[in-house]
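Reader: I would like to learn how to read a few features in a structure. Please show it first.

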Amino acid sequence: MAYLVKITSRAERDLSNLYREINAVYSKTALKWYRGLKSAIVSLEEKPDRCPITRKMGQLRHLLYGSNPNVYRVIYRVLHTQKCVEVLHIRHGARRKP
């Protein structure tokens, strides 16, 4: 059964900032990468538990997208009773842990 993927306002802001940072408006390669990231996020509707639990925040999981040095972490939580995946934050993998 598919889960509903909800993107919080913070994660929307993260996506918007990332779109500008990578110059997706002017670069076909960047736009393709950005669309791949969004597709990876939507894919959480199927098997949302496939990604590992974050170390410090036991209720949260993280999806890694990209390849070194451009790996991004999509931090999310799975609400099983509501059949919902809530995307909380999207950040560059090299940033300090929250």
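Reader: How are H1 and H2 oriented to each other, roughly parallel or roughly antiparallel?

Author: This is a predicted model, in which local features need pLDDT of at least 70 and side-chain atom pairs count only at pLDDT 80 or more, while totals for chains, interfaces and linings use all residues. Residues are numbered from 1 along each chain as its sequence is written, and side-chain values use heavy atoms, with hydrogens and water left out. Two packed helices are described by the angle between their axes and the distance between the axes. Helices (H or I, at least four residues) and strands (E, at least two) are DSSP runs, numbered from the N terminus. Axes are lines fitted to C-alpha atoms, for helices over the stretch in contact, and angles run from 0 to 180 degrees between N-to-C directions. Here helix H1 (residues 9-21) packs against helix H2 (residues 28-42) at about 160°, and the axes are 10 Å apart. H1 and H2 are therefore roughly antiparallel to each other (under 35 degrees counts as roughly parallel, over 145 as roughly antiparallel, 65 to 115 as roughly perpendicular and the rest as oblique).

Reader: Which residues make the contact?

Author: Contact means heavy atoms within 4.5 Å. H1 supplies Leu-15, Leu-18 and Tyr-19, and H2 supplies Leu-31, Trp-33, Tyr-34, Leu-37, Lys-38 and Ile-41. By class, the contact of H1 with H2 has eight nonpolar, no polar and one charged residues (Ala, Val, Leu, Ile, Met, Phe, Trp, Tyr, Cys and Pro count as nonpolar, Asp, Glu, Lys and Arg as charged, and the others, Gly among them, as polar).

Reader: Which residues of the largest nonpolar core touch the most other members?

Author: In soluble globular proteins, nonpolar side chains tend to be buried together. A nonpolar core is a set of buried Ala, Val, Leu, Ile, Met, Phe, Trp, Tyr and Cys residues joined through side-chain atoms within 4.5 Å. Of the 18 residues in the largest one, Leu-37, Ile-41, Leu-63, Val-74, Tyr-76, Val-87 and Ile-90 touch the most other members. H1, H2, S3 and strand S4 (84-92) are the elements that give two or more residues to this core. Leaving aside neighbours within four places in sequence, the contacts of Val-74 include Leu-37, Ile-41, Leu-63, Val-87 and Ile-90.

Reader: Is Cys-51 buried or exposed?

Author: Buried means under 20% relative accessible area, exposed over 50%, partly exposed in between (1.4 Å probe, protein chains only). Cys-51 is buried, at 7%, and lies in the loop between H2 and S2. Beyond four places in sequence, Cys-51 is in contact with Leu-44, Arg-61, His-62, Leu-63 and Tyr-76. Thr-54 is also in the loop between H2 and S2 and is buried, at 8%. By contrast, Lys-28 in helix H2 is exposed, with a relative accessible area of 78%.

Reader: What is the phi of Asn-23, and what is that of Lys-47?

Author: Most residues other than glycine have a negative phi, and most peptide bonds are trans. Asn-23 has a positive phi, near 60°. Asn-23 is found in the loop between H1 and H2 and is partly exposed, at 41%. Lys-47 has a positive phi near 55°; Lys-47 is exposed, at 67%.

Reader: Where is the cis peptide bond?

Author: The cis bond joins Asn-68 and Pro-69, with omega about 0°. Pro-69 sits in the loop between strand S2 (61-65) and strand S3 (72-79).
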